[in-house]
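Hi there,

Here is the structure I promised to pass on to you. Have a look at it first, and then read my notes below.

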There are 2 protein chains.
Amino acid sequence: MRQKEKVTIYDISKKLNISAATVSRALNNSNRVSLKTKELVLKTAKDLNYQQNTLALALKSGRTFNVGVVVPYINHTFFASVIRGIEEELEPKGYHVIICQSHENVENEAKQIKALLNTHIDGIFISVSKTTEDIKHIEAVRDEGVPLIFFDRKKDISGVSSVTINDYEGAFAATEHLIKQGYTKIAHIGGDPKLQIYKHRYDGYIAALKVNNITVDESRILEVSSTVEAGIAAVQDLLNKKTEFDAIFSASDYVALGAMRELRSRDFKIPQDVGIVGFSNEPFTKYLERPLTTVGQTPVLMGQIAAQVFLEQIKEKNKSVQVEKRVVLMPELYERETSLKKGSTH
Amino acid sequence: MRQKEKVTIYDISKKLNISAATVSRALNNSNRVSLKTKELVLKTAKDLNYQQNTLALALKSGRTFNVGVVVPYINHTFFASVIRGIEEELEPKGYHVIICQSHENVENEAKQIKALLNTHIDGIFISVSKTTEDIKHIEAVRDEGVPLIFFDRKKDISGVSSVTINDYEGAFAATEHLIKQGYTKIAHIGGDPKLQIYKHRYDGYIAALKVNNITVDESRILEVSSTVEAGIAAVQDLLNKKTEFDAIFSASDYVALGAMRELRSRDFKIPQDVGIVGFSNEPFTKYLERPLTTVGQTPVLMGQIAAQVFLEQIKEKNKSVQVEKRVVLMPELYERETSLKKGSTH
DNA sequence: TATTTTCGTGCAATCGATTGTATTTTGTTA
DNA sequence: TAACAAAATACAATCGATTGCACGAAAATA
């Protein structure tokens, strides 16, 4: 298994007795090469199975046509779908998407970004980890002049574009939906408010209560990580403390799943005794024994738009204008069984 | 936002009035450079915030320290976990893992592989798509002399190593477990046997029936794609055709989920009327209202081993020996409620 | 036919780091 | 102190493609 010899433009130039410069120009369809030579070069390139060495090209041009995407977890459908959206937009333009995961760990995130910068990507898309407070590693991207786009989970850094969804409105709609279904003692199991998304969901929840003249009871509000186990623990916590509640608005589908499981094991009836709404519309929510009401976020669209923002940005890179673009998408509530006390509204 | 000027070894060499060659050797800790110069260079490199240009290095050395992983879907926990295993082994050694998805589409797969080869990765890990029959694009990897490792879903190509699990034994154990629970009319909803994994699961199912003197009823055997929807349709199909069955061994957790949902909506009781076993131990299986019995595959370990095989292979690359290594892992049955007619065995 | 313009090509530098082969400097020994 | 070995450093080619500049030949113009 000998390493196959790579064919270079020099091999072509030797074979045709012309200079490598001409071969390069011919391959790039320069109008400074005669049609005859062009055809000859193209044919020879094909015959020899010439493959352009992208490393050499990247070294010379400074562009690699690779972009990096950093997400907390690749196996969350939400993030996987955003990535899909980015791929759909960028692959037709010749870009290759390098996917990295931070595992919700800021050190990992910094490492991944460093590795990406080191391989000279043309841009970075990032949804920051929960533990990301120090943002030196993110500012470093901007400082190197590498286009940077936040999606879903952002940090406020001037000059950096972002594509997010309106978590506030999503949470507001979810909470108001519960209220309209007749629930009044609505608990909120949210996430760390250091992440804007969780802060906004919390705000939306509070606003919906206030608009509907329901007093906010702090004991019904918990902050947990977004895992099934945390959802189980959260319900145990509420029950142990004898906190009254007849509904839960969770900022995560996984937490909602855990909550449902724990409630069920204690013989609470869903949605009769307790109504539940999650967030993200993970695929499993639809197929649960009792399908989960949840807020859907159009992640593919989010990825597509993020990619478009990136493409605009590299266009403008030469002109020394700096444009910061903030796109906010509207979420949609999927009303399913876990919250329909009164029966389907459709 | 000016592009930060990159610091090169030439900048260091100019500043210290020495040649770039010496700087390079100093940075690489060559013993042909005096300790004094070394220290000077290292200090200056730090002061100027020198970052090695990996593109130049890759161009010269032919190694990029990037490896590619191609999977059908990144959001399947199984694949995500394998990737995690690969990362765990390879990142400490300075490698960067580039993740790609084929979306179960052979053309996509070929495109991704081409893109990877084009960016000069040092190796490729792949779990082939369901639609992969023509394997020219995979043979091309081997022919270019790029180390290639199959995991989970493999094709038989001589000289290519693989890490798989023993699907036969997993299926055998799952089926025999159902038999021991008293089920006799066990249906099998499998996948396309063109994929070895599904063929082996089918074989294990058949073998378990035969060993236990249960006649194989072809009408109880279906082939579907591994989605929830396909599981729903499969059960509908069985019922429409009035096929008798008191258990289902599914080659996919997603299909099992769909099957459960459809059975439940028709008022079948699980596990009393119908026992169910899935395959993969996807995280949601544990948290279903009725937790799903399933076959677990140690995917993180699979990734780790695949990475180790890769590391061995690049070591041996220089010596012109060609070693093909086939590692087969043993799966484990997780007995949960959907199959425990007689109650827990523990 | 002489002069200018256009066209097609080649030369050589460049991107940044590595490395075999000089060459210089230092140190050792007679 | 001359002669030589050893150590430290410099030179220059290399990886593969691109591109500004120069040059010669052909074509257009006077």
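Let me begin with the surface near DNA strand C, which by class has eleven nonpolar, nine polar and five charged residues. Please keep in mind throughout that this is a predicted model. Of the 25 residues around DNA strand C, the ones that come nearest are A:Ala21, B:Thr8, B:Ala21, B:Asn53 and B:Ala56. Both chains take part: helix H2 (20-27) and helix H4 (54-61) of chain A, and likewise helix H2 (20-27) and H4 of chain B, each supply at least two residues of this surface. H2(B) gives the most, with five residues.

Next, how do the two protein chains meet?

Chain B superposes on chain A by a rotation of 180° with 0.1 Å of shift along its axis, and the RMSD is 0.1 Å. The two copies are therefore related as by a two-fold rotation axis. In chain B, the C-alpha nearest the axis belongs to B:Asn75, at 1.9 Å from it. Both copies use the same surface, since 100% of the contact residues of chain B recur in chain A.

Finally, have a look at the sheet in chain A. Six strands form an open sheet with mixed pairing, in the order S7-S6-S8-S9-S10-S12. Strand S7 (221-223) and strand S12 (332-334) of chain A stand at the edges with a single partner strand each, so one side of each has no neighbour in the sheet. On average, neighbouring strands of this sheet are turned by 15° against each other, direction ignored. Inside the sheet, strand S6 (residues 186-190) and strand S8 (residues 247-250) of chain A run parallel and are joined by four bridges. There, A:Ile189 stands opposite A:Ser250 in S8(A).

Two helices go with this sheet. Helix H9 (residues 196-211) of chain A lies across S6, S8 and strand S9 (275-279) of chain A, running at about 175° to S6(A). Helix H11 (residues 253-265) of chain A packs on the sheet and touches S6, S8, S9 and strand S10 (293-296) of chain A, with its direction at about 155° to that of S9(A).

Enjoy exploring!

Notes. Residues numbered from 1 in each chain as written. Chains lettered and ligands numbered in written order. Predicted model: local features only at pLDDT ≥ 70, side-chain atom pairs only at ≥ 80, totals over all residues. Near = placed C-beta within 6 Å. Nonpolar A, V, L, I, M, F, W, Y, C, P; charged D, E, K, R; others polar. Pairing = 2+ DSSP bridges. Axes fitted to C-alpha atoms, helices over the stretch in contact; angles between N-to-C directions. Contact = placed C-beta atoms within 7 Å. Least-squares fit on C-alpha atoms with pLDDT ≥ 70 in both.
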